[in-house]
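Trainee: I'm new to this one and would like to learn how to read it. Could you walk me through a few features?

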Amino acid sequence: MVRTMERSASINADQPQQPGNNGCCVKWRNWWGFWLLGLCNNFAYVVMLSAAHDILEKQESKNSTVTASDQLAVGFRAGNSRNSSRYDCSPVSTGAVLLADILPTLFIKILAPFVIHKVPYGFRVLFCVAMAAASFLLVSFSFAVWLSIVGVIFASISSGLGELSFLSLSVFFNRNVLEGWGSGTGAAGVAGSLLYAGLIQAHLSPRTTLLIMLIVPFAMLASYFFLLVPEPSLPQWSRSETECPPVDSEERQRLMDELEDDLETSAPEDRTMGPVTLQEKLAVTKGLLPFVIPLGLVYFAEYFINQGLMELLFFHNSSLSHAEQYRWYQTLYQVGVFVSRSSLRLKKFRKTCIFSLLQMVNAVFLIFAVLFQFLPSIWIVFGIILYEGLLGGVAYVNTFHFISKETESRYREFAMATSSVGDSLGIALAGAAAFPTHSYFCSL
């Protein structure tokens with residue numbers, strides 16, 4: 001009983017005293033804070049490639065000789081020379097640019113979780129903001145191909161480090177902030193693609209458009225430092241290796257219930273103080289595989305469709321051009337992701353492996369659809385692509401919700417950061433698989 005009372009006193013000491021209405025206000029401020037963080041974190045990642053291609057194309061028009069690297073960057077843009085294949089193939093698979101955009105993120109997500117805990121969150125956010133702003137500036141003012149590529153890499157670094165940092169940051173808040181994060185990341189795809197296309201359609205140059213979008217990194221800065229209401233235990237500018245692990249509000253409530261019931265036997269074991277050791281991290285990583293593998297399979301199938309098959313799903317009898325068809329595919333996919341990543345409040349799914357299976361069925365079906373061209377209407381493909389986005393988004397938010405819920409609080413911060421590698425690994429493998437797929441179908 002003494003141990004229970006000591007834990008209760010510690011919990012009450014850590015918990016800020018807030019009036020009821022103010023507590024509700026704080027809850028929604030944090031929800032919207034994570035929504036904006038998700039939107040801003042993925043925004044540069046979404047728009048950077050299309051913006052870089054526009055500027056690269058302008059650079060190429062000034063040169064009489066087009067290098068191989070130039071062709072790699074712009075080969076998949078609409079209007080470029082295509083071969084005589086029935087699929088109206090571009091010279092290079094869109095998987096090429098996917099790999100260029102995802103590999104820096106994958107590298108960060110594999111290595112950073114084992115060392116990033118030494119860096120306080122305030123410094124991480126400042127670094128992500130600086131990388132995102134630098135990416136917009138480098139691509140907008142680039143005078144050479146290599147400089148634009150560096151800008152794309154900076155955007156990838158910002159997005160990758162931001163995702164693993166904000167997911168691990170969520171353990172210092174009520175778990176409902178994951179709903180805001182998931183919805184915000186989904187909104188980034190829709191908002192980023194539509195805003196960029198809209199500004200270009202309004203006859204603004206790609207350079208001017210990117211400079212306008214510099215507001216997005218600063219919105220991330222404002223969301224983190226002025227909108228969020230963090231717990232006192234959040235390591236903002238310094239980090240002690242012996243600090244206590246974060247305890248979320250649900251854990252507090254569970255321990256308070258144990259105190260009221262005086263059930264000492266049901267109390268959880270005392271947490272070990274000090275940093276998480278490498279051996280513990282490896283054990284936690286192994287335990288995350290049932291979550292990470294299904295998420296990786298979902299995203300492998302998803303991006304294999306997006307980068308390996310979408311450009312081959314061309315309907316000659318449609319009133320839409322090939323470029324317009326592809327653009328609508330991508331837009332509907334982003335809409336599906338946004339809707340499903342916003343669904344966590346409505347329904348939760350523990351067994352995410354079902355989404356892996358359904359997404360793989362999607363990929364196999366569309367492979368046969370490309371090979372035999374038996375689909376009679378583009379509207380059927382529109383429905384499939386929207387459904388594909390729904391599957392990917394719901395797998396993402398439910399994976400991180402249940403990792404946060406089922407991981408011990410001592411390991412939760414590391415687990416949230418490490419598990420973010422699942423989707424990036426699946427995307428990278430999909431980009432690699434898109435190359436032989438593109439070559440095979442375009443040789444038919």
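Mentor: Gladly. Start with the contacts: of those in the chain with a separation of 6 or more, 84% are between residues 24 or more positions apart. Keep in mind that this is a predicted model.

Trainee: What does the secondary structure of the chain come to?

Mentor: It comes to 16 helices and zero strands. As for burial, 54% of the 444 residues in the chain are buried. The accessible surface is about 19,800 Å², and carbon and sulfur atoms hold 67% of that.

Trainee: Where is the kink in H7 centred?

Mentor: On Ala-187, with a bend of about 25 degrees.

Trainee: Is His-203 buried or exposed?

Mentor: His-203 is exposed, because its relative accessibility is 74% and the cut-off for exposed is over 50%.

Trainee: Which phi does Gln-373 have?

Mentor: A positive one too, near 50 degrees. Gln-373 is in the loop between H13 and helix H14 (378–406). At 36% relative accessibility, Gln-373 counts as partly exposed.

Trainee: Which residues form the nonpolar patch on the surface?

Mentor: Val-364, Phe-365, Phe-368, Phe-372 and Phe-374 do, with about 490 Å² of accessible area together. In general, an α-helix has 3.6 residues a turn, so residues three or four places apart point the same way. Take Phe-368, one of the patch residues, which is found in helix H13. Phe-368 is partly exposed, at 42% relative accessibility.

Trainee: How far apart in space are Lys-347 and Asn-398?

Mentor: They're 9.2 Å apart, C-alpha to C-alpha, though 51 residues separate them in sequence. Lys-347 lies in the loop between helix H12 (322–341) and helix H13 (353–372). With a relative accessible area of 49%, Lys-347 is partly exposed, because a residue has to be over 50% to count as exposed.

Terms used:
Residues numbered from 1 in each chain as written. Predicted model: local features only at pLDDT ≥ 70, side-chain atom pairs only at ≥ 80, totals over all residues. Heavy atoms only, no water. Helix = DSSP H or I, 4+ residues; strand = E, 2+ residues; numbered from the N terminus. Buried < 20%, exposed > 50% of the residue type's maximum accessible area, 1.4 Å probe, protein only. Patch = residues over 30% accessible without salt bridge, like charges linked within 9 Å, V, L, I, M, F, W, Y side chains within 5 Å. Areas by Shrake-Rupley, 256 points an atom, 1.4 Å probe, with all protein chains shown as cover. Salt bridge = Lys/Arg side-chain N within 4 Å of Asp/Glu carboxyl O. Bend = angle between axes of the 7 residues up to and from the residue. Contact = heavy atoms within 4.5 Å.
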